[in-house]
Amino acid sequence: MPMRPSLTRRLMLAGAAALSLGTALPALAQDDAIKIGLVAALSGQSAKSGEAITRGITLALDKINGDGGVLGRQLELVSRDDESNPGKGLIAARELVQREGVAAMIGGLDTPVSLAIVPFANDAQVPFIGPWAAGTPITQNGAEENYVFRVSAVDEFVDEAITEYLVSEYGSQKPGMILINNPWGESNEKGLTKALEKRGMKHAGIEKFESNDVDVVPQLTRLKENGADGLFLVANVAPSAQVVKSLDRMGWDVPIASHWGPAGGRFTELAGPSGEKVHFIQTFLFTDTAHPLFVALQEKFPEIETLADVTPATGIANAYDATLLLAAAIEKAGSTDGPAIRQAMYEIEGVEGVIKTYDMPFTTDNQDALGPEDYIFANFVEGEIVPLTD
Amino acid sequence: MTLFVTALVTGIGLGAMYGLIALGFQITYSVCSRVNFAQGSMVMLGAVLGFVLTQRAGLPVIVAYPLALLGCGLMGMLVELCLVRPFAVRGSEAWLMATVAGGILLDNTVLFTFGNEPRSLPSPLVETSWQILGTGVFPQQLLIPVAAIGCAVALQLLFRRTRQGRALLAVVQNPDAARLMGINTTLMISGSFALSAMLAGAAGLLIAPLFSVHSDMGTLFGIKAFAVAILGGMTSAWGVMIAGFLYGLVEAFVTTYLGSSHTYILTFALLIAVLAVKPHGLFGQAALRKV
């Protein structure tokens, strides 16, 4: 049978037309949605925290879209994993802005990753809202037109809060610092020194330790010998547990005010019962399972059974509120244009979040929505984080 | 006085740990002039297997820990078979990179299977601390030097008193002659890697209750233990053990008296200085190379 090339060509053309139609249709549908980018660590050691942020944003988007969306359009989340790597975070941010055309970005779990994205966000004029990383220079970045906002704790404010806590609750006069040896520890060394200087107080020493140090007794003994009557602790879960174990070994019972590091995992399993002595800050806590956000979480993610399954709740709440604030700004701006959204961020009114109600949360001098007055001191009791009441 | 005792207790505990892991480098180096650079991952494997067998499978320690060590031994043999032998028989030095890569592979496999959250391996020996001269010590910390010295003595006896040990020594001295005398050198080399990994696994099980169990817990130990093995001279078991204690003590005394920011700078600078004066380590002997 002779070949009929013309038919084949026609078939190919028809096929190509069908293919392009098929791909064009969903593209048209997606064009209508406003894309919000997420850059966070979704794998590796911080994956659980990345998951908390994703859950918070997802719930907020469900609520906003359920109420009719923003500017009559639905909001759509586009996620990218930065693997806690600043280089990968920057590439992800570029891709979200330049290829996906996101209206704004939420993200930054690790301070170094956020710091890598900040100059790009400012250059590209795309609002970037941090729900986690607490490094002070992320929002205080010196840019003339600052596109970086945050709904989370800030190192400088945390340091002020934990200093005030040790002084007022325990009458501490000469606290010592035990800090993880990385940029996060350094950022807090500055903040704590500033907070002590403000009160005309002296410290009993600044000691650093590595995240894989087994024995922190030498550093702690130095602080004890120098007369420390309280400790500032800045480190993630596992290294914080090593500090508690070392204190146990020394038999040194001293008040500890900590950054929120211990909240991110199985702290009391690692540190033992003495882990409950560590008092740390949080921006939000679930106190009972009837909380509307917890109920919504359980409905959306059936694997959540108890309050212990949603640690750290802070990440969920910060991301939830950040998304609501962003949606309010886009609505107010009346467009998805970066500079317009930025301007609208300064005019947000009456947004009811889970942490608080936001009225003018941002100014050009302070792009942080949460301050020391929003922090709650908490500790672990039988594996759950509970607020400290005095 | 308190500072001195603190540094001494910490230094001996850490030093014994470094020595025990470094002993593993010494054994394989003595037998075949090669080492398993995934030694740090073997430390982690011991602790992770110990955790999984006792906490998840619910086995008693007396059964679980020997099984964990057996697992480490098998992994050591696998490393030799897949990552060292194929390169060694072709005269290539690529085993060096292959064992490093193997360690990274193992760490990441554990990360995905065991999980990314650090876990705690309980032990009754860390529940209460004993106060001695102003500082505290967990009974578990005293167990480490005892176990480390015990292992060194056992190894010495193995080499000197048993047939297999003498066969190992024969391989060390002259592999070709040993092969002609009917000694299975391939098996001996494989066995030395198994023994080396088991020592690292034992170190992992001993340190885990004082630390936490996670996929990269062994990395820093592996690096420091290699430094200790070099310092001790690679060829002498006792030398390596003593070097372990020295390294641990220097580290603890520098941290205690000068502060933690000086620890790595001073200990590694001292290591380089010692090696500049004694290139074959403190207790090593220059190898004779016949031309």
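Mentor: Helices here are DSSP runs of H or I with at least four residues, strands are E runs of at least two, and both are numbered from the N terminus. Before we start: this is a predicted model, where local features need pLDDT of at least 70 and side-chain atom pairs count only at 80 or more, while totals for chains, interfaces and linings use all residues. Residues are numbered from 1 along each chain as its sequence is written, and chains are lettered from A and ligands numbered from 1 in the order written.

Trainee: What are the helix and strand percentages over residues 142–159 of chain B?

Mentor: That stretch is listed as a "transmembrane region" in an unreviewed UniProt entry (positions use the numbering here, feature names are shortened, and annotations may be inferred rather than shown by experiment). Its end C-alpha atoms are 26 Å apart. The chain there is 100% helix and 0% strand.

Trainee: Which handedness does the crossing of α1(B) and α5(B) have?

Mentor: α1(B) packs on helix α5 (residues 139–161) at about 35 degrees with the axes 8 Å apart (axes are lines fitted to C-alpha atoms, for helices over the stretch in contact, and angles run from 0 to 180 degrees between N-to-C directions). Among the residues that meet are G13(B) and A16(B) in α1(B) and A148(B) and A152(B) in α5(B). By class, the contact has 12 nonpolar, 3 polar and no charged residues (Ala, Val, Leu, Ile, Met, Phe, Trp, Tyr, Cys and Pro are nonpolar, Asp, Glu, Lys and Arg charged, and the others, Gly among them, polar). A crossing is left-handed if the near helix is turned anticlockwise from the far one by less than a right angle, right-handed if clockwise, and this one is left-handed.

Trainee: How are α9(B) and α10(B) set relative to each other?

Mentor: Helix α9 (residues 219–232) and helix α10 (residues 237–258) of chain B pack at about 120 degrees, with axes 8 Å apart. The contact includes A227(B) of α9(B) and Y247(B) of α10(B), and its residues divide into 8 nonpolar, 3 polar and no charged. α9(B) passes α10(B) in a right-handed crossing. Under 35 degrees is roughly parallel, over 145 roughly antiparallel, 65 to 115 roughly perpendicular and the rest oblique, so these two are oblique.

Trainee: And what about α6(B) and α8(B)?

Mentor: Helix α6 (residues 163–173) and helix α8 (residues 185–207) of chain B have axes 10 Å apart, at about 105 degrees. A167(B), L168(B) and V171(B) meet T185(B), M188(B) and S192(B). The angle is why the pair counts as roughly perpendicular.

Trainee: Which element gives the most to the side of chain B that touches chain A?

Mentor: 31 residues of chain B are in contact with 27 of chain A (in contact means C-beta atoms, placed from the backbone, within 7 Å). By class, chain B's side has 12 nonpolar, 17 polar and 2 charged residues. α1 (2–32), β2 (135–137) and α10 each supply at least two. With 7 residues, the most comes from α1(B).

Trainee: How far apart are the centres of the two domains of chain A?

Mentor: An automatic or database assignment sets the bounds: domain 1 is 33–153 + 289–371 and domain 2 is 156–282. 11 residues of domain 1 are in contact with 12 of domain 2. Taken over C-alpha atoms, the centres are separated by 29 Å.

Terms used. Contact = placed C-beta atoms within 7 Å.
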